[in-house]
Amino acid sequence: MRKPCCDKEDMNKGSWSQQEDQKLIDYIKKHGEGHWRNIPKAAGLLRCGKSCRLRWINYLRPDLKRGNFGEDEEDLIIKLHALLGNRWSLIAGRLPGRTDNEVKNYWNSHLTKKLKSMGIDPNHHRLSHYLSPPRIHEFSQGTTSSAMKVQPSHQQMKSGGSGSNQVSDAGSCVDHDSSCKLLPDLNVDLAVNS
DNA sequence: AAATAGTCCAACCGCCAGCTG
DNA sequence: ACAGCTGGCGGTTGGACTATT
């Protein structure tokens with residue numbers, strides 16, 4: 001049996017207080033990210049290292065954009081999801097200032113509904129037969145988000161392991177499924193940058 | 001005004017891969 | 001080659017907030 005990542009008993013859980021946030025920010029400003037396991041002790045936090053990492057990445061990082069997603073971003077998420085499936089970290093990596101958690105939440109709360117309302121199955125990015133004609137052009141036209149190039153790094157692409165190999169068959173549809181014509185401008189650039 | 005339902009999002013959980021000794 | 005540790009990821013949950021009845 002695997003040990004828990006930290007001793008849960010003396011740890012705070014739930015929402016972070018302002019003081020906790022400040023301690024974490026101060027520590028990372030001084031020492032940088034990494035060694036998450038040591039951070040709680042070093043920063044004087046009663047939190048698990050994982051929790052610190054998540055808080056920093058999803059909320060405290062200075063380069064976070066936050067706020068509503070723009071149409072370009074929506075458009076790009078839909079395209080990338082069609083291409084990559086639920087690999088939120090990869091998708092978020094193409095959206096500057098956005099986190100995987102944010103993208104995932106936005107997908108689950110907004111975009112699945114939006115696609116369904118268009119008559120598209122959000123899991124497979126195919127027409128749903130039970131709904132009225134789709135309005136695909138709403139996101140496949142006009143938005144020129146292609147300015148944001150889709151270029152996953154090697155580091156990101158390697159994560160095709162068992163946990164993440166459940167790329168929706170929308171990914172395979174890129175290769176040979178004619179239904180992908182639903183996403184005509186899906187030819188996002190996946191070349192490796194740098 | 002109160003109760004209920006629905007929505008959103010921060011945070012947790014468990015699993016996996018890579019690294020190190 | 002193996003085991004243990006760590007960081008990272010995606011799925012899920014819980015609670016706060018808002019809308020509806």
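Domain bounds here come from an automatic or database domain assignment. On that basis, domain 1 covers 12-60 and domain 2 covers 71-160 + 169-182. This is a predicted model, where local features need pLDDT of at least 70 and side-chain atom pairs count only at pLDDT 80 or more, while totals for chains, interfaces and linings use all residues. Residues are numbered from 1 along each chain as its sequence is written, and side-chain values use heavy atoms, without hydrogens and water.

Now the largest pocket. A pocket is an open set of points on a 1 Å grid over the protein atoms alone, where a 1.4 Å probe fits, with protein on both sides within 12 Å along at least five of seven lines; lining residues have an atom within 4 Å of a point. The volume, meaning the space filled by probe spheres set on the points, is about 290 Å³. There are 15 lining residues, and Arg53, Ile57, Asn58, Ser89 and Asp100 are the closest to the centre. Helix 3, helix 5 (88-93) and helix 6 (100-117) each give two or more residues to the lining.

Next, the helix packing. Helices are DSSP runs (H or I, at least four residues), numbered from the N terminus. Axes are lines fitted to C-alpha atoms over the stretch in contact, with angles from 0 to 180 degrees between N-to-C directions.

Helix 1 (residues 18-31) packs on helix 3 (residues 49-60) at about 90°, axes 11 Å apart. The two are therefore roughly perpendicular, a term for angles of 65 to 115 degrees. In contact (heavy atoms within 4.5 Å) are Asp21, Leu24, Ile25 and Ile28 of helix 1 with Cys52, Arg55, Trp56 and Leu60 of helix 3.

Conventions:
Chains are lettered from A and ligands numbered from 1 in the order in which they are written. Angles under 35 degrees count as roughly parallel, over 145 as roughly antiparallel, 65 to 115 as roughly perpendicular and the rest as oblique.
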